[in-house]
Amino acid sequence: MIQDYLFFTGINVLLAWSVYIILMSGSLSFANGGFMALGAYATGYLTTTYGLDLWLVIPPVALLAALFGALVSLPALRTRGVYLILVTIGISICMGVGIESSEALGGVKGMGGLVGTEPWHVFVLVGVVGLFLLIVSYTPLQRILDAVREDEYVARSLGINTTYVKVVSFGAGAALAATSGALYAHYLIFIRPEHFNVMMSLFMVLYVILGGVNNLWGAALGATIMTLAPEFIRGMAEWRPTVFGLIIILLLLVRPQGLLAFRTRTARAGTRVAKWVQGKLVPGGAAS
Amino acid sequence: MPETLLQVQDLAVSYGPIQALRGCSIEVRPREAVAVIGANGAGKTTLLKALSNLVPAKSGQVLFRGEPLGTRGPHRLARDGMLHIPEGRGVLGTMSVLENLRLSYDIRPAKLSFAVALEEVFACFPRLSERRTQKAGSMSGGEQQMLALARALINPPDVLLLDEPSLGLSPRMVKEAYRILRMFRDRGMAILLIEQNVHIALGFAHRGYVLRQGQVMMQGACSDLGSDPDILKHYLGTSVEAA
């Protein structure tokens with residue numbers, strides 16, 4: 001039982017980070033539930049129908065999700081603010097409807113027989129992704145992302161290829177969401193389209209917003225609290241969404257910037273920590 | 001080095017049915033400061049945006065170092081040596097002064113190391129040195145303008161495009177900003193300046209263009225333009241004295 005809690009906490013931390021990665025370049029994505037569904041169903045189909053090994057199928061599916069994420073980000077990036085949010089919600093819904101109407105994927109009846117994930121797999125991934133994000137926060141890349149997030153036009157005048165940065169971050173977030181979805185599905189054994197509906201996307205975004213949007217710790221803390229807190233009041237299961245809603249309202253009233261709102265100063269990244277990058281990494285330089 | 005650094009040939013830009021620029025030709029030579037003056041809505045800002053490919057040109061073309069800009073994105077132009085400091089300064093408010101400077105430094109490979117370039121910048125802008133770890137957004141408008149100008153100093157571009165550097169500044173800060181700009185000019189940085197403050201702009205630049213309703217109405221050495229108050233009054237709709 002306690003294993004389950006830890007597993008779902010780990011998955012939710014990963015999902016929160018998948019939203020955070022996209023948010024780092026300034027886009028708020030409600031499509032991550034859809035990316036998660038893509039990962040869950042694509043790997044599930046390959047492991048059950050063809051009997052392939054889960055670890056063999058996760059990398060190509062993650063890559064597929066990254067390409068899909070990058071592809072949907074292209075039209076989505078032309079729209080801004082609330083319109084982008086609507087576009088990403090639309091992607092989530094389309095994904096759900098697509099799966100529901102697919103015979104091969106089990107439609108509304110769901111897909112079963114998915115096994116292979118142990119909780120420690122998720123913990124390892126949390127460690128790896130967390131370490132990666134931590135390292136990023138000490139490199140010039142963090143400063144580039146911060147610049148794009150704050151003001152796209154200024155970022156461009158600073159020689160940063162904002163389109164490239166945004167597309168890559170969308171792709172990376174989608175890949176992480178899909179990987180989490182694959183692990184999630186192969187732990188649950190049985191999945192149905194409503195596991196990945198718009199509410200799922202909404203929750204991921206809320207974890208990040210409640211925890212704090214400016215650093216990786218906020219997203220992780222938000223996901224952990226919002227996964228574990230409702231368990232303490234398990235006796236009243238039907239009140240769970242209500243409690244969730246109340247916590248959100250309370251937090252936004254008391255601490256609208258999120259629990260952990262600090263932004264990592266990246267000035268050091270230019271002088272000491274990343275001295276070796278000097279002259280080698282030009283903002284967005286990988287695109288040229 | 002070609003004779004003309006930046007050449008705008010017959011550039012036209014439209015926003016829907018509204019023609020903001022109708023066949024505008026200007027040029028900036030190496031080491032030259034050029035001012036484009038005109039009243040509100042004359043198309044000055046549109047001209048700068050079109051130069052940075054922030055708005056698409058309908059016709060005409062822009063040559064930078066003899067090569068057409070084509071569809072090179074704004075970020076490519078920045079890396080190729082054209083720094084556009086937009087109206088509203090273009091500093092990142094949530095970042096520290098150091099971070100802002102570092103981002104500018106990283107635009108292109110630089111001759112000086114960051115530490116050395118930084119020292120030089122802080123020698124010119126002692127105020128920024130005091131505020132180096134402060135968030136840019138928490139500084140005064142004048143200090144932010146200094147930071148915007150410091151961006152051009154830390155890794156000097158081949159040509160600096162400036163949109164209304166005097167806008168929203170106290171007269172004292174305007175003076176200070178132009179003191180810095182004169183220093184840039186005297187070091188040989190090519191500058192294309194958009195300015196509503198006719199008096200200051202003509203006092204600063206070598207040559208000037210008067211823009212009205214998207215067209216160049218007059219051009220010439222700033223000393224000649226400045227001594228022609230009647231014509232200026234006619235095209236700008238204001239007198240030089242009032243500005």
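This is a predicted model: local features need pLDDT of at least 70, side-chain atom pairs count only at pLDDT 80 or more; totals for chains, interfaces and linings use all residues.
Local features need pLDDT of at least 70 and side-chain atom pairs count only at pLDDT 80 or more, while totals for chains, interfaces and linings use all residues. Residues are numbered from 1 along each chain as its sequence is written, and chains are lettered from A and ligands numbered from 1 in the order in which they are written.

View 1. Domain 1 of chain B takes in 1-81 + 157-243, and domain 2 covers 91-156 (the bounds come from an automatic or database domain assignment). Taken over C-alpha atoms, the centres of these two domains of chain B sit 24 Å apart. Helices here are DSSP runs of H or I with at least four residues, strands are runs of E with at least two, and both are numbered from the N terminus.

**View 2. An open sheet of four strands in chain B.** Read across, the order is β2-β1-β4-β5 (chain B), and the pairing is antiparallel (strands pair if DSSP finds at least two bridges between them). β2 (18-28) and β5 (67-68) of chain B are the edge strands with a single partner strand each, so one side of each has no neighbour in the sheet. β1 (residues 6-15) of chain B joins β2(B) over seven antiparallel bridges. Look for V13(B), which stands opposite L21(B) in β2(B). Helix α1 (residues 44-51) of chain B packs on the sheet and touches β1, β2 and β4 (59-64) of chain B.

**View 3. Two helices of chain A cross.** The axes of α2 (residues 32-49) and α4 (residues 81-100) of chain A come within 7 Å and cross at roughly 30 degrees (axes are lines fitted to C-alpha atoms, for helices over the stretch in contact, with angles from 0 to 180 degrees between N-to-C directions). α2(A) is therefore roughly parallel to α4(A), a label for angles under 35 degrees. Among the residues making the contact are G33(A) and Y41(A) from α2(A), plus I91(A) and I99(A) from α4(A).

**View 4. A mostly covered helix in chain B.** In α3 (residues 97-105) of chain B, nine of its nine residues are buried (20 or more other C-beta atoms within 10 Å of the residue's own, all placed from the backbone). Among these buried residues are E99(B), R102(B) and Y105(B).

Terms used:
Two residues are in contact if their C-beta atoms, placed from the backbone, lie within 7 Å. Angles under 35 degrees count as roughly parallel, over 145 as roughly antiparallel, 65 to 115 as roughly perpendicular and the rest as oblique. A residue is buried if 20 or more other C-beta atoms lie within 10 Å of its own, exposed if 12 or fewer, and partly exposed in between; C-beta atoms are placed from the backbone.
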